[in-house]
Amino acid sequence: MSLSGIPLDPQIKSEKEREGKGKIFYASTPSHAPIPLLGPYLSKIPILFLNGLAYLYVLFCLLIFVMPFGVTLWYSLLTRGRSPKLTLANYQYVFGSFLDSLLLSSRVSLVTLLFNFLIVIPAAYALVRYEFKGKRFVLTLLNVPLYSPAIILGIGLLLIYHFTYGLYNSFWGLCFGMIVGTFPLMLMPVMVALKDLDKVYEEAALCLGASPLYTFFKVTLPLIGPGISAGIILNFVIVWNEFLVTLFIAGPDYITAPLKVYNQILWFGYQNTTAALAATLQIISFLALMVYFKLFGSRFLKGRFF
Amino acid sequence: MKSGAQRIKQRCVPFVLLLPAVTLTVLFLVLPLFYLVMMSFTEGSSFFFEQKFTLDNYRELFSRYRAVIQTTVFLALASAIVDLLLGYPFAYFLYSRFPYKDLARALMIFPLFGGLYLAFGLYYLFLPKGVLSPLLERLGINVLSLLYSKSSVILGMAILTFPFMVANIMTALQNIDPILKEAALCLGASRFRIFSRITLPLTRSGMVAGFLMCFGWNLGAYEIPLFLGSQAEQQVVSIKMYQQALVMSNYGLSAALGMVVMVLSFSVTYLSLKFSKGALT
């Protein structure tokens with residue numbers, strides 16, 4: 001559970017998804033319907049009441065989730081001072097003095113995603129399409145970053161960067177820290193996509209005389225495209241918001257956007273301009289995830305191997 | 001028939017394909033963790049200069065830093081309990097009654113962006129003259145004691161890990177065979193009985209997995225105690241680690257503190273994966 005607040009999908013599936021299209025529907029009462037208590041008529045009122053309470057509770061919890069973001073957004077739209085007015089002026093700072101951090105964040109995300117792509121695709125291909133000894137072990141090893149807390153990754157990398165690699169306070173050090181923490185999250189959707197892909201297509205291409213490489217680039221890669229883009233979006237959101245590992249390994253010269261938020265709070269307190277930056281970062285991540293859900297639902301988040 | 005050389009070549013292919021990923025993991029994860037272990041047994045930052053091996057760090061850990069470890073574990077436990085108490089009904093209602101599941105899924109994303117934004121937002125919420133204060137005052141909550149207190153830290157941590165709990169319980173709920181409930185219904189069991197005899201026992205593993213996951217996750221919490229806690233709540237392992245490593249340059253002690261988190265959270269995660277039965281693979 002590393003770097004990531006892994007958007008381990010809360011796996012909430014809509015009713016339709018859950019039932020599945022080709023499944024048998026039970027003729028009796030579906031399990032989620034209110035179950036009569038004493039008799040269909042007498043019981044109506046308490047059940048309505050209970051349902052109402054349940055609704056309210058769920059809505060209340062959801063409200064609590066959104067409130068911190070909502071308040072941040074609200075403050076980012078206010079001017080400073082005793083009688084705050086609505087303004088967009090704070091966002092000038094986001095694209096003014098905070099722009100460097102945003103650009104650095106984008107650069108780190110871009111490099112990380114590129115490397116993840118290059119690393120994950122061959123690895124996933126090997127893990128799904130080949131049988132070899134020690135496969136389980138390799139898969140476990142590759143998944144360890146997911147389960148090591150960010151702070152452990154941070155301190156470990158800090159020590160080794162400081163004393164051996166000399167990567168502390170460097171762009172590449174930052175990127176490698178991100179890559180190792182996030183590539184398992186990309187591995188998962190790509191492996192699911194490869195598993196779902198029938199071997200027939202590749203075999204057909206091979207039979208028709210295409211070389212293995214040609215087959216891979218012209219047949220396999222396009223067909224697992226959705227899995228790859230799913231992985232990329234997930235990764236983007238995590239790298240974009242990564243803070244704790246960055247705090248340890250970034251050094252003074254590489255202030256990414258979340259680190260900028262942190263530094264601003266530490267040095268200048270809670271400013272509305274910082275709120276604007278935080279709100280912008282959250283909006284970007286939220287939009288990315290909305291695109292993800294629109295395109296893929298939770299298809300690539302489940303899936304067990306072996 | 002393939003020749004021997006070709007067969008060997010074929011056999012090498014997966015290993016060549018896996019090489020970059022494995023190299024990366026070894027270089028940037030396995031070795032750093034190994035260093036962490038080694039360094040926790042060396043004095044100060046002597047590991048790379050004179051290599052003075054000592055147990056002093058651990059001695060200090062269990063004398064001066066015992067309170068720190070206790071606070072960390074207490075905060076993580078408390079937030080996991082809050083998660084369980086609030087998360088179970090949430091997951092249950094969401095699963096069985098709430099029709100707008102897509103909306104719920106979309107809104108539950110926000111805590112997953114990280115504790116930093118959450119702490120930032122909660123600070124504004126808890127501010128004595130903030131947005132919520134008139135409402136809270138009417139409810140009889142002392143607005144002045146809200147920010148920088150134990151309760152705000154626990155609440156923040158609980159919100160941060162709430163989605164993990166919900167995900168685990170939801171998976172457990174979805175895995176219950178509806179036939180069981182129907183059978184119970186046909187045999188005349190009441191709603192409460194169905195819940196207590198079927199739903200609750202069958203979701204126990206999900207609850208345990210969620211609890212352990214929340215606990216393990218919050219052991220490494222950094223920004224929420226820092227921004228929402230008072231002096232007492234800021235005495236957690238992660239903040240101490242940061243101070244020892246980057247402010248005091250006492251890498252040995254920092255590594256030893258890291259070992260505590262590592263051992264605790266790896267074991268907890270291992271257990272939770274056993275219980276979650278693939279809820280979050």
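Figure 1. Among the contacts in chain B with a separation of 6 or more, 76% link residues 24 or more positions apart. Keep in mind as you browse these views that this is a predicted model. Of the 281 residues of chain B, 48% count as buried.

**Figure 2. The helices and overall dimensions of chain B.** What will you find here, helices or strands? Chain B has 13 helices and zero strands, and its pattern along the sequence reads α-α-α-α-α-α-α-α-α-α-α-α-α. Its C-alpha trace spans about 75 × 70 × 30 Å along the principal axes. The radius of gyration of chain B is 24 Å, whereas a compact globule of 281 residues would have one near 19 Å.

**Figure 3. Where chain A meets chain B.** Here 81 residues of chain A are in contact with 84 residues of chain B. Several elements of chain A give two or more residues each to this side, including helix H4 (99-129), helix H5 (135-147), helix H6 (150-165) and helix H7 (171-196).

Figure 4. Chain A is divided into domain 1 (31-76) and domain 2 (97-296). Their C-alpha centres lie 37 Å apart. How many residues of each domain are in contact with the other? Five residues of domain 1 of chain A are in contact with six residues of domain 2 of chain A. On the domain 1 side, the residues that touch domain 2 are three nonpolar and two polar, with no charged residues.

**Figure 5. A closer look at A:Thr87.** You can find A:Thr87 in the loop between H2 and helix H3 (90-94) of chain A. Why does A:Thr87 count as partly exposed? It has 14 other C-beta atoms within 10 Å, and this number falls between the 12 or fewer of an exposed residue and the 20 or more of a buried one. Leaving aside residues up to four places away in sequence, A:Thr87 touches A:Leu77, A:Leu78 and A:Thr79. For a sense of distance, take A:Leu247, 160 residues from A:Thr87 along the chain: the C-alpha atoms of these two residues are separated by 31 Å.

Technical notes: Residues are numbered from 1 along each chain as its sequence is written. Chains are lettered from A and ligands numbered from 1 in the order in which they are written. This is a predicted model: local features need pLDDT of at least 70, side-chain atom pairs count only at pLDDT 80 or more; totals for chains, interfaces and linings use all residues. Domain bounds come from an automatic or database domain assignment. Two residues are in contact if their C-beta atoms, placed from the backbone, lie within 7 Å. Ala, Val, Leu, Ile, Met, Phe, Trp, Tyr, Cys and Pro count as nonpolar, Asp, Glu, Lys and Arg as charged, and the others, Gly among them, as polar. Helices (H or I, at least four residues) and strands (E, at least two) are DSSP runs, numbered from the N terminus. The radius of gyration is taken over C-alpha atoms; the globule rule is 2.2 Å times the number of residues to the power 0.38.
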